[in-house]
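Q: Can you walk me through reading salt bridges in a structure? I'd like to start with a single residue and build up from there.

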Amino acid sequence: MKEERGQVFTLDMFLALVLTAMVLSYSGLAYEQARHAGERLSRFSLERIANDAADVLVKTLGEPENWYKDATTLRVLGFAEENDGQPVPSTVDIKKFGQFRRLLHGDNWTDPANENAVNAIKKLFGGSEKFEIRLLDENGQELWHAFPGWEIGENSGAENSTEVVVVRRLISLRYGSAIRSTTGRIVRLDVQPEKEKENWLYFDVYAGEAKAYDWYIIVQGERESGNPHVQIWVNENTGNFDYEFVAATDAPEQIYPNPDLPATHRVTHGGMENDPTIKSENRFPQPYPGTNYLYLKFTAGRWSWLQIYVVLIPQCSDWGEASTVIQPLPAVLEVKMWR
């Protein structure tokens, strides 16, 4: 009887151990399944936020629709270009992106004066600060990027995360509002190519724009019977000119200021408002409703033409990007989020 009781006890212990092992095994499996489900849910949530944010950015004007003129009024972020009061879907107005980029730059992101705008931006990204926006050209090369607290040469931190979501939207990068003023095409119809003509090009700089954007002059010209030649003064019409353009046979385009010109024209980051060639008192001394101007003197052979633009691009941009602003550009908006 003792042997039988021992056998029963051993069998009971064995069955108990088996059941315990099975319970632990299923518990571990359930835990793993729950963990994977949680990870999938977390990633799905991140993907949904990034997708929704991308759609809002390229399909809406934002609220109010002119928030880029006074970023403190921002309630809902939107980059789309406006036409007759309605958004143009799948477009990005470079002026809106420029103001957005300014708000995220360095200490601007933590400046109490920008608290309202910063909260509106974070709300679009689910309250997170772990996001980055990039604008890419049609070849996938980066044009501009922005993330909270960005500085030149720094990375966003996404590269150190194990969970990163990237969403892209095909867009047209619209530069219409980035052309502040243009002369239109100036054509010489007379037969006195040596005769000098003058012109004036007026433009306004609104509140906050001098810091949000870099300002450039683009000169285009073409010869038929003589090289067009123009001299440009910024906010004055006496003394030495600030810039000079002479069109060659193949009708090049020139951007001012241009780092490739002599040393006094070199501006690492910033347009003519930072160019030492221009007298300090003439670098946009007239905030709106004052008016800034270019004074132009030019000569050209008959049928030659010139066209001068004043354009703006997001601050700290490569100066070469200024040449793209005079026509729409196929591009990609990329939203990146991580945890």
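Q: Is Glu-334 buried or exposed?

A: Relative accessible area tells you: under 20% is buried, over 50% is exposed and in between is partly exposed (1.4 Å probe, protein chains only). Glu-334 has 2% relative accessibility, so it counts as buried. Before we go on: this is a predicted model, where local features need pLDDT of at least 70, side-chain atom pairs count only at pLDDT 80 or more, and totals for chains, interfaces and linings use all residues. Residues are numbered from 1 along each chain as its sequence is written, and side-chain values use heavy atoms, leaving out hydrogens and water.

Q: Which residue forms a salt bridge with Glu-334?

A: A salt bridge is a side-chain nitrogen of Lys or Arg within 4 Å of a carboxyl oxygen of Asp or Glu. Here the partner of Glu-334 is Arg-134, with the closest N and O atoms 2.8 Å apart. Glu-334 sits in strand β16 (residues 329-338) and Arg-134 in strand β4 (residues 131-137), so the pair ties together parts 200 residues apart in sequence. Strands are DSSP runs of E, at least two residues, numbered from the N terminus. Arg-134 counts as buried too, at 19% relative accessibility.

Q: Which residues join Arg-134 and Glu-334 in one network?

A: Glu-142 and Arg-168 do, through salt bridges that share partners.

Q: How many salt bridges are there by this rule?

A: Eight. One of them pairs Glu-129 with Lys-122, at 3.5 Å from N to O. Glu-129 is partly exposed at 41% relative accessible area, and Lys-122 is partly exposed at 21%.

Terms used:
Helices (H or I, at least four residues) and strands (E, at least two) are DSSP runs, numbered from the N terminus.
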